[in-house]
Protein chains: 6
Amino acid sequence: MSDSAKLTHLDAAGQPAMVDVGSKMPSRRVAVARSRVVLGPEIMALVKEGDLPTRKGPVFQTAILAGIMGAKRTSELIPLCHPLGLDNCRVTIEPDGPDAVLIECTATVTGKTGVEMEALTGASVAALTIYDMCKALSHDIVIQETRLLSKTGGKNDFQHEA
Amino acid sequence: MSDSAKLTHLDAAGQPAMVDVGSKMPSRRVAVARSRVVLGPEIMALVKEGDLPTRKGPVFQTAILAGIMGAKRTSELIPLCHPLGLDNCRVTIEPDGPDAVLIECTATVTGKTGVEMEALTGASVAALTIYDMCKALSHDIVIQETRLLSKTGGKNDFQHEA
Amino acid sequence: MSDSAKLTHLDAAGQPAMVDVGSKMPSRRVAVARSRVVLGPEIMALVKEGDLPTRKGPVFQTAILAGIMGAKRTSELIPLCHPLGLDNCRVTIEPDGPDAVLIECTATVTGKTGVEMEALTGASVAALTIYDMCKALSHDIVIQETRLLSKTGGKNDFQHEA
Amino acid sequence: MSDSAKLTHLDAAGQPAMVDVGSKMPSRRVAVARSRVVLGPEIMALVKEGDLPTRKGPVFQTAILAGIMGAKRTSELIPLCHPLGLDNCRVTIEPDGPDAVLIECTATVTGKTGVEMEALTGASVAALTIYDMCKALSHDIVIQETRLLSKTGGKNDFQHEA
Amino acid sequence: MSDSAKLTHLDAAGQPAMVDVGSKMPSRRVAVARSRVVLGPEIMALVKEGDLPTRKGPVFQTAILAGIMGAKRTSELIPLCHPLGLDNCRVTIEPDGPDAVLIECTATVTGKTGVEMEALTGASVAALTIYDMCKALSHDIVIQETRLLSKTGGKNDFQHEA
Amino acid sequence: MSDSAKLTHLDAAGQPAMVDVGSKMPSRRVAVARSRVVLGPEIMALVKEGDLPTRKGPVFQTAILAGIMGAKRTSELIPLCHPLGLDNCRVTIEPDGPDAVLIECTATVTGKTGVEMEALTGASVAALTIYDMCKALSHDIVIQETRLLSKTGGKNDFQHEA
């Protein structure tokens, strides 16, 4: 078994290549990704104070918008991703314990290829934006874990067992 | 103490704002960020087979290039980042134990503002690209512990205690 | 009645969100927007001299091209716009009285969502480009009015009563 | 007097051209531009309800961020603009009478060329974003009077007499 | 016969314009373009040494990735090109005699308009990237010939007689 | 002698890397590149008819603008190019014999790194744009001899012996 046979983004000569999706039928596809950002309790308190009572605060909203805009640009950032329209992209941010926030990005398309990378890119850019807005307070912020939670609509569905 | 006073990306009215760097003097600034991608032992074996003997394999190289190109576009992705040139951007990827790889991105600028976000964005886009190239093999890949390792050249240096 | 229920770009929690167009059927949609730029009579005379006899002059053509290219990038500029292909985009510029020009941008798509924003963005970028090319002559140029003239092909047609 | 001699963006042959700024010395330059968006009293009431008590509401914030991000991309949109870094970009949005909002965008650079176009582009993209977020409520929103208010730091200062 | 009638990118007034593809039916379209880069025998030897035994070397791979990413951005670069998704984009690079390399870019879409420009842009950006990576060794590198080799799926097929 | 030692865009491990320009002093740098587009005599006649009497025709102007805008985006297209501002970018297009046009692109910067790639990218994008605007008339258009003509201001000047 050659690596090229399994790593779909390599061609027979082992060179990087896109996957040809020309013969696939478009279907409704949804992917959900999550990113957890550990801010520490002090920053978390500040962010909550400004952001959470109304859930309309500027740190979260800036991150939500950055995540949506980042998801739309996935194919510019990830070299072998197909350019595709999005039916929808939604980013939510919730506190997760005393020192962290949980970002979820849901990307939806009616297309020939999945939107895992759009969901993961949206969550990552939202996480980086939270980092940027809080970094004057600490250099120990950590984007602890970014992963796929679920995908549906392709050949194989996937559901992460939490 | 108001949150706006401490969260530098909010102005006095609590609205999102850039930080004015007009009065700063340009200095040589370097930031190093890291991201860890847990691929699992099976994918790791495949990637190593193709990539590691020569360290010129296509998965790592694609990720290195994507990381460098991503770092150059940081100010397009992160809403309140300043646009700035880069003197240099370097991405390295090494295996880290039997199932993971470690990405390091070093960004360098002679400028008025730090390049933490460039380093973090470069590491993140490289990590997302590895994910993309391996995702046909597993949906359980996880991007872990994206964080700043060090920064020098600004008002305060920082060194992460590993 | 909550504002979120009426402002379609806010979700139930009042956070910014795209509108899910996944269940809509694609249809042929056309939107026309207009922008009026008041240049003042002196600049207008210069522009006309160079541009109007042939209608191929460089100020208008540069603005036409900038408008078309700007319309193609609408979803990058407007945070909650859907990325979409365009079947066509046309920009025309005509003198309007002794001191102004009228820009019209017509955007056409076969898609699930309207192209008002593409037409308005195309007209706006064309207007800004005229401004840029003439600004060495005056700082009193005004983009006086940018508005939608008509849209067809969606749930509700619209026609501005001139 | 030929038009090319006065329209700085045309060369001797009447072709579009950038202005060579190579021999200029960098200086601190600030430009302020304004755009007015007439929403009508009903939308204005809705927007105020959600946005104004705290001035952190999602419509204004989304527009502020879009304006800042748009200003950063001015040289991609306006064909003959120089690419340049920004020291700062600030967008504010205030109600202006019962049916309109006033957007102000202040762009600052230490550079060889002015930032009028950055300020005007930022104000325009913020205005278009407000349009986008309110357009489900009315097709009669109008973007009015986009203009330069002041510029300093270049060869000639300018101050609009309000 | 007016030029406007034949040059499809000019409208009746001789102004630049997109071609309206709204009434076309989507079909599977493939275009292949080729670019030949003359490096000279010395650089060619170096590149071959590092790149060719494994065909995974960094110069070729970097160029392949740049070509694919460039093809995806064709509609941003070429003013009157339609934005469109790509089903696939493949770039190959082979030595061609003792002093040159041959780049082929194959672009595929299911759409209303051809992908010649995507294939030509991909080949050109790959060629420019090879130039960039080798330019420290010589200023006499030449991108000798870029042309279309074939196109299928549109109104008229085309096959270059080699 | 290892290839990495000579190919400046590879690091010691043979991986792609930017060149660190941090220790260089900014200087005024100019690069001129050329591209020749063979249109064939029939297209050439059409283009001349519309474009050449005034040299303001739409094919040439569109290509000039696309070339300038393309040069500004060089660092987005060429993976290891440094992002940099441009003091100036000029594109000219002249007929060259009965069937071809000659494009020249001059890029100028005050910076730490040369602008050869900006000049070559500007010439290439202008050439591709001419191709795009004429391609409905022939599939046998060829972009020939894209090369550097001169560079000054860096460590070594270069002048092509025509």
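Predicted model: local features only at pLDDT ≥ 70, side-chain atom pairs only at ≥ 80, totals over all residues.
## Basis

Local features need pLDDT of at least 70 and side-chain atom pairs count only at pLDDT 80 or more, while totals for chains, interfaces and linings use all residues. Residues are numbered from 1 along each chain as its sequence is written, chains are lettered from A in the order in which they are written, and side-chain values use heavy atoms, without hydrogens and water.

## Interface of chains A and E

In chain A, 23 residues are in contact with 20 residues of chain E (heavy atoms within 4.5 Å). The buried area (accessible area, 1.4 Å probe, that two parts lose on being put together, summed over both) is about 1,700 Å², with 51% from carbon and sulfur atoms.

The interface has 3 salt bridges (a side-chain nitrogen of Lys or Arg within 4 Å of a carboxyl oxygen of Asp or Glu). One pair between these chains is E:Arg28 with A:Asp20, at 3.0 Å from N to O.

## Salt bridges elsewhere

Over all chains the structure holds 63 salt bridges. F:Arg73 pairs with D:Glu76, with the closest N and O atoms 3.6 Å apart. Both F:Arg73 and D:Glu76 are buried (under 20% relative accessible area; exposed is over 50% and partly exposed in between, with a 1.4 Å probe and protein chains only).

E:Arg28 also forms a salt bridge with E:Asp87, at 3.4 Å between the closest N and O atoms. E:Asp87 is buried at 7% relative accessibility, whereas E:Arg28 is partly exposed at 36%.

In chain F, the side chains of F:Asp96 and F:Arg36 meet at 2.6 Å, N to O. F:Asp96 is partly exposed at 25%, and F:Arg36 is partly exposed at 22%.
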